[in-house]
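Student: Could we go through this one together? I'd like to begin with the charged pairs and then move on to the sheet.

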Amino acid sequence: MSMPQRFEPTCPPDAHKVMRDPQNKVNAILAVNIPDSELQYDVADICDLLSAFSKKPVIYCSDAVRAAILEKSGDSDITPVFLKKHDHDLVELMPGTPEKTYQFVDLSKAEDAAENFLKKLENECVIVVNMPSMYILRSVSTVFEWDDLLAKQFMRQYDEACSKLTPSDKELLQRVRYGKEDALKVKELSASAYPFLKLERKLFLQYPTED
């Protein structure tokens, strides 16, 4: 798995705890859309990527992807939760609370996320994001609780970085994600792909999330 390692802090517990209430409450559940095309890669690597996103990742996928992930999830120490779609705008978590349904908000198209993502976080819903953006948007959701202005700044940076990506950039970032290309070479390989990778790594390391 190509994401950088997060180091465990050596400070005493709660040494850096924020002693104030959050500005905003995040009620949304983030889910990751995993298309069948991801199965061209090793499923163990997919599970490792999900592990860095959450130890209990919520996943929106086909039955084929679900079966593949369940087969390998134990090796990556994740407990996946899958979305069961009831109709066009309601979903249920499986496993989850029986009979509990959530509004389904599909922002897995990158061009939709910047405009709608922050607006939806306070709603009780399931927000589906795509795999390339999952680390950035998960970290931004953490920032949003404490500083919505900073979260909006990061979303503007995300929107700008996405707008510059070419199809070859997306393929390059995909190779980096699965460890088939050195992340340190991205800056020299593509000036337009580098801002996206730089933002992802910055947020992943500075604003980790807790399960």
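Tutor: A salt bridge here is a side-chain nitrogen of Lys or Arg within 4 Å of a carboxyl oxygen of Asp or Glu. This is a predicted model, in which local features need pLDDT of at least 70 and side-chain atom pairs count only at pLDDT 80 or more, while totals for chains, interfaces and linings use all residues. Residues are numbered from 1 along each chain as its sequence is written, and side-chain values use heavy atoms, with hydrogens and water left out.

Student: OK, how many salt bridges does that rule give?

Tutor: The count comes to five salt bridges. One of them joins the side chains of Lys-100 and Glu-124, at 2.8 Å from N to O. Lys-100 lies in the loop between E4 and strand E5 (101-106), and Glu-124 in the loop between helix H3 (110-120) and strand E6 (125-130), so this pair ties together parts that are 24 residues apart in sequence. Helices (H or I, at least four residues) and strands (E, at least two) are DSSP runs, numbered from the N terminus.

Student: And which residue forms a salt bridge with Lys-164?

Tutor: That is Glu-160, with the closest N and O atoms 3.5 Å apart. Both residues belong to helix H5 (residues 148-164), and because they are four residues apart there, about one helical turn separates them. Glu-160 is partly exposed, with a relative accessible area of 45%, and Lys-164 is partly exposed as well, at 41%; buried means under 20% relative accessible area, exposed over 50%, and partly exposed in between (1.4 Å probe, protein chains only).

Student: What about Arg-177 and Glu-200, buried or exposed?

Tutor: Arg-177 and Glu-200 are both buried. They form a salt bridge whose closest N and O atoms are 2.9 Å apart, and the pair links distant parts of the chain, with Arg-177 in helix H6 (residues 167-177) and Glu-200 in helix H8 (residues 194-206), 23 residues apart. Arg-177, Glu-200 and Arg-201 are linked in a network of salt bridges.

Student: Switching to the sheet, in what order do the strands close into a barrel?

Tutor: Six strands close into a barrel in the order E1-E2-E3-E4-E5-E6, with mixed pairing, where two strands pair if DSSP finds at least two bridges between them. The twist averages 40° from one strand to the next; axes are lines fitted to C-alpha atoms, for helices over the stretch in contact, and angles run from 0 to 180 degrees between N-to-C directions. Strand E1 (residues 29-34) pairs with E6 in the parallel sense over five bridges, and the bridge partner of Asn-33 in E6 is Asn-130.

Student: What packs on the sheet by E1 and E2?

Tutor: Helix H1 (residues 43-53) packs there, touching E1 and E2 (contact means heavy atoms within 4.5 Å), and its direction makes about 165° with that of E1.

Student: Then how do E3 and E4 run, parallel or antiparallel?

Tutor: E3 and strand E4 (residues 90-94) run antiparallel and are joined by four bridges, with Lys-85 standing opposite Val-91 in E4.

Student: Last topic: how many disulfides does the structure hold?

Tutor: The structure holds zero disulfides, a disulfide being a pair of cysteine sulfur atoms within 2.5 Å. As for accessibility, Cys-47 is buried, with a relative accessible area of 0%, whereas Cys-61 counts as partly exposed at 21%.
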